[in-house]
Every structure is written in C-alpha cells, then in structure tokens.
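Hi,

Here is the structure I promised to pass on. Have a look at it first, and my notes on what turned up follow below.

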Amino acid sequence: NNSKVQELRRLIGRRSSRHEAGRFVVEGPTLVAEAVRAGWRCEAQFVPAGSEAAVAGGGEVYELADGVLERIASTETPQAPIAVVVMAETSHDALATAEFVVVLDRVSDPGNLGTILRSAEAAGADLVVLTPGSVDPYNPKVVRASAGALFDVPVVVAEIDRVVEADLRLIGTTSRRFPGRTVTPYTDVDLRGRIAIVMGNEAAGLPDDWTDAVGPIDRWVAIPHRGQSESLNVAMATTVLVFEAARQRDATP
C-alpha cells in the first residue's frame, strides 16, 4: 500500500507524473461517481480502513490507515474515496468535425479552467482546446472546479494553427481597444455555424500583434461595460459568450 500512496502523492502534486502515467486523481464520492457515469476508466479507489465510502464501478478498493487520506488529499477536509482515473485523450481529429469550440490561449488559473469547462459543457460546446502553456486540465483544482464537466466535454491541447486548419470561424475576444482591431459587441455577431470562441490569458489577453490584418482571428468581439472595470474575469467572460452562442444556435430554424 505504501507504494500506491506514494504514487497518489505524485499524481496529485505533479503534472509530469500525471502525463507520464496517463492517470490522474479524482477526489470525493460525487466526482468519482460522475467519472464512472461518463464511462471513464477508474483503476483504483482509496478509502479509510473500515469505511463504506467506495463508489460502485470506481475501481479496486484499497484501505488507508487512519489519517493517511487527510495527508495526501489536495483538499483540507477530503471526502473518500480518492480514485485513480485513466486519462481519456482526445484526438486532434475532433477539430475537423466540431461545430462549437472554445479555445483557451495560455489560461493559467485552475479555477478559471474548471469554471470554463463547466460553462462550455452546459452551453453545449463540442470541444475545448487549450494552447500549449495552459494549465493542466487534470490538475486536481481543475477537476474540482469543473464539477464533473471535465468528464463530459472533450479537451485537447493544440496550437492555434490547428484550429485555423479546421476551417472554424475564429471569434476573438478583447476587453481593450487595440489599433488595427475592429471590435463589435458580442450580441451583434453571428455565433452560429462552425465557430471557435478564442479567450486569452488572464493577464495578457490575446497577443497584441493579432489584428484585423495579422493573426488567426476572423472577428473581434467585446462585452460592453457600464461600470469602471477594465475587464471581466476570463471564466465569467467565457460564460457570457458561450451562452450567447447557445442562444443564437438554439434560435436557428
């Protein structure tokens, strides 16, 4: 059991360990049950000795000595079980058939990514694309913040060029006026058809050198502000945009 506990620690703490093993950790009965429901392969689950917290279909059950669960879990008050789940890698081929895509360019905060996955799944997005340099979608904080959406919306890591090659119409978002960018209120832009809503890094946004004439973006949009805030949190802005896209797409005859 000690070697398995050490492996759990590595999977929880290190991105490199997760991707080398092709495994990640899911904590708590609700999220483990969501993984099982969605058909993800759970290899093992860990519970305190004498506990009946194991989830049906959550993998072989291993018991932990008193206090071990609290020491290895990523939350302060963990709930059993802790499960080891096999990553379900999505092929880049998914871009060729996806109709409604969310692209996140170097988004770095786990809570933001988890919330975006939750909103994208709820709005009916087919795929979420992370550019290299983005936070790991299998980070325990992302898994928790996604509230199970990670198990229902495919995620792929790809350069922005791969999205362009898929012939999707790229809708770029900006909170500031840049020279060379023609920016339209998001409600005035057609978000039907094969689209990719492209969101930028929390601090930097999308690259400054992407303009109407240069870069992959087909149309720039913004969320009009009435107050003094310069920008919305990226997860909140993404939520606004994906639900506007869902509204327009539902209204299509």
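This is a predicted model: local features need pLDDT of at least 70, side-chain atom pairs count only at pLDDT 80 or more; totals for chains, interfaces and linings use all residues.

**Starting from Asn-112**

Leaving aside residues up to four places away in sequence, Asn-112 touches Val-107, Glu-202, Asn-233, Val-234 and Ala-235. Asn-112 belongs to helix H6. Is Asn-112 buried or exposed? With a relative accessible area of 9%, Asn-112 falls under the 20% cut-off, so Asn-112 counts as buried.

**H6 against H9**

Asn-112 also takes part in a helix contact. Helix H6 (residues 110-123) and helix H9 (residues 234-251) have axes that come within 9 Å and cross at roughly 10 degrees. Angles under 35 degrees count as roughly parallel, and H6 and H9 are therefore roughly parallel to each other. On the H6 side, the contact is made by Asn-112, Thr-115, Ile-116, Ser-119, Ala-122 and Ala-123. H9 brings in Val-234, Ala-235, Met-236, Thr-238, Thr-239, Val-242, Phe-243 and Ala-246. Sorted by class, the H6 contact with H9 has nine nonpolar residues, five polar ones and no charged ones.

**Aromatic rings**

How many aromatic pairs does a search of the whole structure find? The count is four. One of them is Phe-24 with Tyr-138: the ring centres are 4.6 Å apart and the planes are at 45 degrees, so this pair is tilted. Phe-24 is in strand E1 (residues 23-27), while Tyr-138 is in the loop between strand E6 (127-130) and helix H7 (140-145), so the pair ties together parts that are 114 residues apart in sequence. Both Phe-24 and Tyr-138 are buried.

Then there is Trp-40 with Phe-151. Here the ring centres of Trp-40 and Phe-151 are 5.3 Å apart with planes at 70 degrees, so the pair is edge-to-face. This pair, too, links distant parts of the chain, 111 residues apart: Trp-40 is in the loop between helix H3 (29-37) and strand E2 (42-48), and Phe-151 is in the loop between H7 and strand E7 (155-157). Trp-40 and Phe-151 are both buried. Taken together, ring pairs link Phe-24, Trp-40, Tyr-138 and Phe-151 into a cluster.

**A charge over a ring**

One last item for you: Arg-181 has its charged end over the ring of Trp-220, 3.8 Å from the ring centre.

Cheers

Conventions:
Residues are numbered from 1 along each chain as its sequence is written. Side-chain values use heavy atoms; hydrogens and water are left out. Axes are lines fitted to C-alpha atoms, for helices over the stretch in contact, and angles run from 0 to 180 degrees between N-to-C directions. Helices (H or I, at least four residues) and strands (E, at least two) are DSSP runs, numbered from the N terminus. Angles under 35 degrees count as roughly parallel, over 145 as roughly antiparallel, 65 to 115 as roughly perpendicular and the rest as oblique. Contact means heavy atoms within 4.5 Å. Ala, Val, Leu, Ile, Met, Phe, Trp, Tyr, Cys and Pro count as nonpolar, Asp, Glu, Lys and Arg as charged, and the others, Gly among them, as polar. Rings of Phe, Tyr and Trp (its six-membered ring) pair if their centres lie within 6.5 Å; planes under 30 degrees apart count as stacked, over 60 as edge-to-face and the rest as tilted. Buried means under 20% relative accessible area, exposed over 50%, partly exposed in between (1.4 Å probe, protein chains only). A charge sits over a ring if NZ of Lys or CZ of Arg is within 6 Å of the ring centre and within 35 degrees of the ring normal.
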